[in-house]
Amino acid sequence: MSTTAPERLRILHIVPYFNPAWAYGGPVRVAYELNKRLVERGHDVLIYTTDALDSRQRSPAGEQVIDGVKVRRFPNLSNDLAWNRLFIPLGFGWRLAQLMRQFDVIHLHEFRTLQNAYALPGLRRHRLPYIVMPQGGLPPELGRTMVKHIYDVLYGRRLLRNASRLHALTEMERQQYRALGIPDWRIIIIPNGIDIAAYDFEVDVAEFKRRNNIPEGRPVVGFLARLNRIKGPEFLVDAFAEVLKYHSDAILMLAGPDDGVQAEIEAQIDRLGIREAVRFVGYIGDERSKAAAYRASDVYVLPSRYEIQGITVMESLLNATPTITTDRCGLATRLVEAGVARAVPFGCTTALVKAITEVLSNPAQARAEAERGRQLMVKSFNWDTLTDQWIEVYRTCIVEASTRRQAV
């Protein structure tokens, strides 16, 4: 039996959602960008996923090929449950164990999913190398805590214990693994990347502003993320009400799908009496509109209470937009040390107000910082470099598994 990895790798990716389910956030983009490049490098990839698309629609179930990537979708029992992150794909586990034997390595996206539970018996039976990629979902305290503890007893602990490697996006996530007693050698740190050419075009910012009733010449504080409690939009709204005392003509642009808190945010806006200064743009799916939203913003704010990396922070900087996030963002320390973005303690309204007003009051300095941030994204977070790192991880896991099988 060979103890070298094959030149052409066969990789099965198990993931709750895939292109074009962009409404589910950054993990969809990550799965797509990585696998598109794996196929371009000649590797054999299959995406095993569900028909999740957005809050109202589904993707067609069955098989298709997207940019060379083979995709097999299974219908969820309920689209409403799927939108609330409870994916119950019908038929997903049938013959999955037999299918796994056709692959060299298995990549599990997310952590506490029914799909991963379906995969566990086959992984153990065939002693297949696999990687767990929680995408920030490792801590059980982020909602549905009791359900997560039950999942961990039934499946989660075994998934972590038997994995070939456990993926961390940042040092923050590595520390979460270490708190569970997992040794460093089993943890790999690879950040999510960004398509550095994704915004390599000109857009009509003025037309975007006209379309969304944002008067030209008024400073814009932008937010592009799901309207979800974890993203902290209420923190930003409170701060923005104070910012208006210093920049009375400012506009707060909230762009993103409602993920459970829009009604609360609207009530908060009315309570603060700032309705005239707020624009709800809704979900932005296409790259040109997204680029226009970033470039229409004089400052982009991601006020998350927990963000393991922060894809929208990266997108903002790639568009050379001055950026502020919180100390709960996994990239915050690196970006602040590089002098390309600002971070404030989550929940400290005074600090966020100060950061926003400083950016709006010193636009030239803020734009220079953001331009350095764009250069950092291009150099250190491009998907081509990160894909090479993933291929090396896959090969290492395959070789280790082969060595173990020979030793038995």
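Leaving aside neighbours within four places in sequence, with which residues is Ser-297 in contact? In this predicted model, the residues in contact with Ser-297, beyond those sequence neighbours, are Val-220, Gly-222, Met-253, Thr-321 and Arg-367. Ser-297 itself is located in the loop that runs between helix H10 (287–296) and strand S12 (299–302). Its relative accessible area is 0%, and Ser-297 is therefore classed as buried, the cut-off for that class being under 20%. The side chain of Ser-297 also reaches the backbone oxygen of Ala-293, at a distance of 2.9 Å.

Two residues other than glycine, Gln-135 and Asn-213, were examined for their backbone angles. For Gln-135, phi is positive, near 55 degrees. This residue is placed in the loop between strand S6 (130–133) and helix H5 (145–162). Gln-135 counts as buried because its relative accessibility is 13%, against a limit of under 20%.

For Asn-213, phi is likewise positive and near 55 degrees. With a relative accessible area of 52%, Asn-213 is exposed, since the exposed class begins over 50%.

A further backbone feature involves Asn-19 and Pro-20, which are joined by a cis peptide bond with omega about 15 degrees. Pro-20 is found in the loop between strand S1 (10–14) and helix H1 (26–40).

Notes: Residues numbered from 1 in each chain as written. Predicted model: local features only at pLDDT ≥ 70, side-chain atom pairs only at ≥ 80, totals over all residues. Heavy atoms only, no water. Helix = DSSP H or I, 4+ residues; strand = E, 2+ residues; numbered from the N terminus. Buried < 20%, exposed > 50% of the residue type's maximum accessible area, 1.4 Å probe, protein only. Polar contact = N/O pair within 3.5 Å; in protein donor to acceptor, adjacent residues only side chain to side chain. Contact = heavy atoms within 4.5 Å.
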